[in-house]
Every structure is written in C-alpha cells, then in structure tokens.
Amino acid sequence: MVALVILFFWKLVLTNQYTWMESPDIANLILPWFQFQAGEWHHGRFPLWDPYGWGGQPLFGQAQPGAAYPLNWLLFLLPLNHGWIAQLSLHWYYVLVRILAALTMFKLCRDLGRSRAAAIIAGLLFALGGYVANTDWPQMVNGAVWAPLALMYLFRAQRGERPLRSAILSGFFLGFMWLAGHHQMQLYISGTVGVLWLWFIFVSNRIEPARSPNWPLAKLAALSILIAVMTSAFQTIPTAEYGRISRRWSGTDEPLRFNEVVPYNVHKQYALSPQSLIGVFIPGLAKNADPFIGIVAVALVLLGLALAWRDARIRWLAAVALFGLLFALGPLNPIHGILYALVPLFEKARVPAAGIVLFSLAAPVIAAFGVDYLEVDSLWRKRILRGLAVFGVVTLFACLLFAATHVPVWISDDRLIVTAVYALLAAAVWFGLANKNLSRTAALCALGALVFFDLSNEAGFWWPNVNDKDRTSYIKPMSQHSDLVQYVRSRPGLPRVEVDSSVIPYNIGPWYGIETFESYVASVPQDLWRHDVFSERFRQFMGIQYLFAAKPSRPNQRELYTGRSGLKVFENPDTFPRAWAVHDVSEVKTEDEAKGLMQNPTFDLHTKAFLLNETPPQLAACPPNSPADDVEIDAHQPNRVRIKAKLACRGMVLLADTYFRGWQATVDGNSTPIYQADSVIRGVAVDAGTHLIEMRYRPRSVILGGILTLLAAALSCYVFFKL
C-alpha cells in the first residue's frame with residue numbers, strides 16, 4: 001500500500017517535471033511561510049513571530065502557517081538547498097502525508113474486522129481520492145489524516161474495548177488534528193465525533209436499543225473531549241488570543257472583526273456545486289471541493305451498504321457520508337443554514353464544500369465492507385453488478401455518439417471514456433469472481449488495480465509540466481527578484497519595503513527574509529487596521545523606505561535601481577527611522593481620536609506620541625541645546641530586538657513594529673513594561689544616558705498551550721503503553 005501511494009505520485013517523486021505547488025495560495029502564501037520557518041529552525045530558533053508583514057504578526061496566532069504541527073518541524077529540519085527549502089523535500093512531504101492517510105485508514109478498517117485486502121483498498125481510497133488527495137493546502141489536509149484514528153478509538157470505547165484507554169486516545173488524535181493549523185475541516189470532524197458520542201450515550205450502546213443514557217460512556221466522552229481540548233491547546237489558545245484582536249479576510253470587501261458574523265452569501269460562494277455529486281464517480285466535475293472516489297469504489301460502497309446494513313457501524317458511517325455530501329451543498333438544503341444560524345462560531349468555517357471530508361472519511365470504510373462481501377451471493381450483488389455494466393456500456397456509447405456528432409460534453413478530455421472502460425472491466429472481474437472463473441486473490445488484485453487507475457484520473461491529473469509556460473505562472477516569478485532584495489540590503493538602515501502586488505503577488509518578505517508592509521495573509525491586527533494604513537503619512541511613520549514596482553506609485557518617489565526582471569526600486573522620501581525617541585506622550589480616550597492624531601499633520605509624530613486609554617509614564621523635557629537622542633537598532637531577529645539608546649533626558653524609545661501581548665522588554669537587563677505607543681507600535685520608557693533595550697517575544701498563550709499539549713501527549717502515551 002505504501003509503495004502504491006508512492007507510485008501513484010510518480011510525477012512528484014520519480015521525475016522533476018511536475019509540482020503540486022503551482023497554485024496562487026500555495027505559491028504566494030504557503031511556500032513563503034514554510035521557507036521562513038525552515039530558515040528559523042536551521043538558525044536554531046523556534047519560529048514564534050512573523051516580522052515580514054503588517055509590521056509583524058504572531059505566527060501561532062495566524063494558525064495557518066502550521067507552526068504548532070510537529071510533522072511540519074521534520075520538514076523544516078530537512079537539509080536546505082543553498083538556504084532554500086528543497087522542492088524534492090516538499091514533494092516527499094506531500095506524498096508522506098498521503099501515506100499517513102493510507103496507514104490510518106488501513107488501521108481503522110482492520111480494527112473493524114475487515115480483511116487485509118479490503119483495508120488496503122480503503123487506505124488507497126482515502127489517501128488517493130476525495131478530500132485528502134484533492135486538497136493541496138497542507139494546513140487543511142494534515143489534520144484529516146488523523147481522523148480515522150479518532151474514529152477507531154471512539155468505536156473501541158463504544159464497544160467496551162479498554163474504554164478508558166480508547167476514550168483518551170480518541171480525544172488525543174482528535175485534538176492533534178487541530179495542530180495542523182486550519183479550523184475548517186477540524187471543526188466539521190470534531191462536530192461529527194461529538195454527535196457520535198451523543199448517539200452512543202443516549203440512543204445506541206452495546207445493547208441496542210438503549211433504554212437509558214449510558215452514563216459511564218458519558219463520562220468517557222467528557223474525558224475524551226477534555227483530552228482533545230488539551231491536545232489542541234498549543235495551536236488553539238494562541239489562535240483564540242489573536243483572533244479576538246484581529247480582522248480576517250473572509251470573502252467580504254473589508255476584513256471582519258471576530259465578533260462580526262461571516263455573511264451567509266460568502267458561504268454560498270464556497271458551497272459544493274450539485275454537479276459535483278456526479279463528480280463522486282465522474283472526474284472533472286468538482287467545484288470548490290472534490291469528492292471523487294471513482295466508479296469502481298462507488299460500486300463497492302453500494303455493495304457494502306446493501307449487504308452489511310444490519311451492522312450498526314455501517315449505518316453510522318452511511319449517515320456520516322450522506323451528511324457530509326448534503327452539508328457540502330450549503331444553501332441547497334437546510335442542514336447547513338440551520339447549523340450556521342444556531343451553532344456558535346460555526347459561521348467562521350466559510351467553505352461548506354469542505355464538508356466532503358466526512359464523505360471521504362466514511363466511504364472508504366463502507367467500501368472495505370463491500371470488498372469483503374464480494375463473494376456473497378445475493379440479489380443486491382447481482383443488481384449492483386448489472387448496474388455497473390449498464391453504466392459502462394451507456395457511458396461508452398454516449399461518448400462515442402458525442403464524438404461522432406461533435407456534441408460538446410462536460411468533460412473535454414478522454415477521462416469519461418476511461419471511466420466507462422474501468423466500469424466495464426470491474427464488472428467483468430466481478431462477474432468472473434461470481435462464476436468462479438477468477439480466484440478471490442486475482443479478483444481483489446484486479447479490483448485494487450482498477451481503483452488505483454480510476455483514482456489517477458483526478459488526483460494530480462492537472463498538475464502542470466514545467467515546460468508548460470501558460471500554466472506555470474506562480475512558482476517561476478519567485479526566483480526573479482533576489483537582486484532587488486540584495487540591493488536594498490546593501491543600503492544603510494533596516495529596510496522595510498512595499499510591493500506592487502500586481503507584479504509581485506507572492507509574499508516576498510518571508511520568502512527572501514526582508515520586511516514588507518502589506519502581506520498576502522488571512523488576517524491583520526485590529527489595532528493596525530483602525531488607521532488609514534494606505535495613507536502616505538502612515539507609511540512614512542512605519543518606516544516603509546522602498547517600493548518594488550514597475551513604476552512609482554507617488555510623484556515624489558525616487559528611482560534607485562532596476563532589477564533583472566525589469567522591476568525597479570524606488571525610495572520613499574521623509575520616512576521615519578525604524579526606532580526613535582520622544583519626550584512628550586499624552587493620553588487619548590477614543591479610537592477616533594487616535595486615528596485623527598495619526599493623520600493630523602500638525603501633530604509631530606517625530607517628537608510626540610500618544611497612548612490609547614493608558615496612563616503615560618513620567619517623562620522629561622530636555623533642556624535647550626541638549627544633544628540629540630541617538631537611537632540605533634543593534635539586532636533585529638523575528639523573536640528578539642536589541643536597541644542601543646543614548647538620551648539626553650528621560651523619554652520613550654519607539655520601535656515601528658506592531659505591538660502585541662507576549663513581547664517583553666528589559667532595559668540594561670531590568671524588566672520594564674512595553675507601551676502601545678500611538679495605539680499601534682511598541683514603546684519603552686528610558687532614563688537619560690546610554691542604555692541597552694532588549695525586546696523578546698515570549699507569548700504566554702503559546703507557553704500555556706504547549707504545556708497543556710505536552711500533558712495530554714504524556715497521558716496518552718502512558719495509557720497507550722500501560723493500559
């Protein structure tokens with residue numbers, strides 16, 4: 001099975017002509033995040049703070065970088081290629097995630113009593129089809145691969161097999177999913193697990209039907225959920241901290257606050273299209289998500305449903321699969337809307353189509369039951385076999401008719417014809433087994449091969465070849481702007497740049513390790529966004545010294561350099577230094593007043609600062625003819641900043657980086673508070689004289705979350721080996 005998964009992705013690991021990364025979000029967002037984190041790990045630093053966009057953001061708080069996911073750490077620690085994360089490493093990373101998916105599904109099916117062959121076919125279906133195979137975003141798919149283990153231990157607890165151990169391990173794997181980064185798929189699976197627990201407690205237990213709630217099982221469920229919450233804490237606590245004080249782009253014109261509901265019309269945009277239901281067995285019909293498992297697998301699922309229906313587990317799994325498909329349709333049925341209206345925080349998961357992960361989780365298990373019932377002589381087996389053959393004949397005839405009459409069809413390539421051929425071959429194999437013309441071993445090998453071939457018609461089918469210039473527009477530009485970065489680094493000071501996103505769409509900041517202002521990310525700090533961040537005055541204030549573009553964006557910009565790509569470096573005039581000192585700090589009471597002062601040209605931000613609803617420290621007005629303050633950034637790393645300051649009298653040293661809880665400061669080794677100066681940046685009060693200021697990012701949310709996750713992991717390891 002592992003070998004088959006590797007061979008399935010031959011384009012990635014057996015050639016250097018294709019890549020899974022040629023898409024906007026992967027190239028522009030994910031790869032720069034991965035490159036930054038890999039660089040930090042190789043410098044011996046644990047990446048906590050992302051300094052490369054919007055003045056800096058918490059890496060864990062953004063969630064999607066996957067900084068809390070231990071398997072990502074292994075990727076980041078792999079050898080770099082001249083300082084860059086190697087493409088081959090990323091390709092093997094992609095394949096190994098699918099290998100994990102195959103192994104966990106195999107384990108679930110074996111635990112449910114399925115044969116080795118059936119479990120292998122189910123593992124291939126889960127890893128090479130549906131949500132896992134056709135979702136490229138690692139922060140979404142990484143969590144899905146652990147869902148089979150969460151279900152496996154849940155089913156064990158339900159049937160009374162070492163229930164305490166099983167409940168704890170189910171919760172651990174459910175919580176481990178959340179470390180992958182995203183909340184969407186995790187929310188759907190966690191909700192499903194919760195509903196299954198409730199079903200087992202109040203409706204169905206080991207003796208069906210249940211006459212009263214199973215309170216011992218309820219206690220196990222509570223423990224399991226507690227373990228899941230603790231396991232996820234390394235990621236979820238920092239995410240909750242940042243989410244409440246940030247704005248998130250969710251498909252609306254303006255980013256939303258945490259307490260603002262994602263409008264339902266946004267959810268409608270990302271629902272599964274009705275034709276995608278046919279896309280379960282016909283390739284190329286998916287929209288917003290891809291549920292494709294192939295016609296052979298669908299026949300096995302139908303057989304499993306028909307012949308194993310009396311098994312309660314099949315009914316549970318069938319309900320999960322059906323719910324996933326119906327839910328994914330979003331506004332086309334009331335299920336999604338009711339949950340959207342009634343369940344707290346549900347509206348944050350704005351892509352109903354991702355609900356197909358539930359179908360992709362349940363269908364392979366049902367298919368495994370179907371594999372084991374292949375030789376059972378029944379009316380349903382004959383009906384499904386006949387239907388498979390009819391589908392193949394009709395589809396093949398229709399394709400030939402359409403080709404002869406030049407009638408356009410949904411699928412413009414040959415995959416529909418191939419699907420018909422696979423259906424006919426599967427029917428032939430099945431017929432041969434039923435009539436004893438094929439041995440079970442030969443039939444299972446043939447059906448497994450047909451499943452394998454059928455799945456290859458979708459997953460990775462449209463990955464572009466490197467020589468296809470029309471379809472390789474995202475990765476190649478990322479290697480064309482190193483000279484621009486080298487030029488600004490050669491100039492004095494600590495550069496911060498802005499870029500024309502129409503010509504540099506990817507996050508050049510984390511990719512090349514240079515600070516930018518705007519960044520292609522999902523969220524932005526609310527305290528920053530309250531200001532007019534695109535105004536010239538605010539950009540001067542944040543020390544944005546350079547512009548990468550083909551032409552200037554403002555008349556007073558000065559051209560400095562032209563790069564190999566034809567893009568130029570322009571200098572912004574009158575920008576502030578990245579750090580300076582003021583001796584006049586006042587208090588303002590409202591956000592509007594703070595925003596007004598920031599844009600008021602008569603308020604000299606060089607010499608004055610303000611605090612929003614915070615009492616300013618006592619400062620001093622320097623005597624006339626005092627020497628000018630000397631403030632210099634001595635070191636600027638993602639998690640640590642060191643500033644040398646020489647002040648004529650007591651003042652506040654300002655650093656034009658985003659303020660965020662978790663930053664701690666010392667002056668000459670003595671702890672001191674950090675003020676949210678000008679309602680957006682960091683300020684430290686300093687006495688007259690020469691001082692060394694250090695700021696370190698040590699977020700309590702990450703530390704607390706890490707402790708809880710470690711405790712849950714330790715407990716899970718103990719019960720795994722001891723109970």
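Which helix supplies the largest share of the lining of the second largest pocket? In this predicted model, that share, amounting to four residues, comes from helix 3, and at least two lining residues each are supplied by helix 3 (24–42), helix 24 (508–512) and strand 14 (630–637). The second largest pocket has a volume of about 540 Å³, and of the 23 residues that line this pocket, Y52, R489, Y512, G513 and I514 are the closest to its centre.

Aromatic contacts were examined next. The structure holds 56 aromatic pairs, among them that of F538 and F541, whose ring centres are 6.0 Å apart and whose planes meet at 45 degrees, so that the pair is classed as tilted, given that planes under 30 degrees apart count as stacked and those over 60 as edge-to-face. F538 and F541 both belong to helix 26 (residues 536–541), and because they are three residues apart there, about one helical turn separates them. With a relative accessibility of 0%, F538 counts as buried, and F541, likewise at 0%, counts as buried, the cut-off for this class being under 20%. Both residues are also part of a cluster linked by ring pairs, which comprises W54, W249, F517, W529, F534, F538, F541, F576 and W580.

Arginine side chains were also found over aromatic rings. R98 lies over the face of Y94, at 3.7 Å from the ring centre, while the charged end of R350 is placed over the ring of Y270, at 4.9 Å from the centre of that ring.

Definitions and conventions. Residues are numbered from 1 along each chain as its sequence is written. This is a predicted model: local features need pLDDT of at least 70, side-chain atom pairs count only at pLDDT 80 or more; totals for chains, interfaces and linings use all residues. Side-chain values use heavy atoms; hydrogens and water are left out. On a 1 Å grid over the protein atoms alone, a cavity is a set of points where a 1.4 Å probe fits but cannot get out, and a pocket is an open set with protein on both sides within 12 Å along at least five of seven lines; lining residues have an atom within 4 Å of a point. Grid points are joined across faces, edges and corners, and a volume is the space filled by probe spheres set on the points. Rings of Phe, Tyr and Trp (its six-membered ring) pair if their centres lie within 6.5 Å; planes under 30 degrees apart count as stacked, over 60 as edge-to-face and the rest as tilted. Buried means under 20% relative accessible area, exposed over 50%, partly exposed in between (1.4 Å probe, protein chains only). A charge sits over a ring if NZ of Lys or CZ of Arg is within 6 Å of the ring centre and within 35 degrees of the ring normal.
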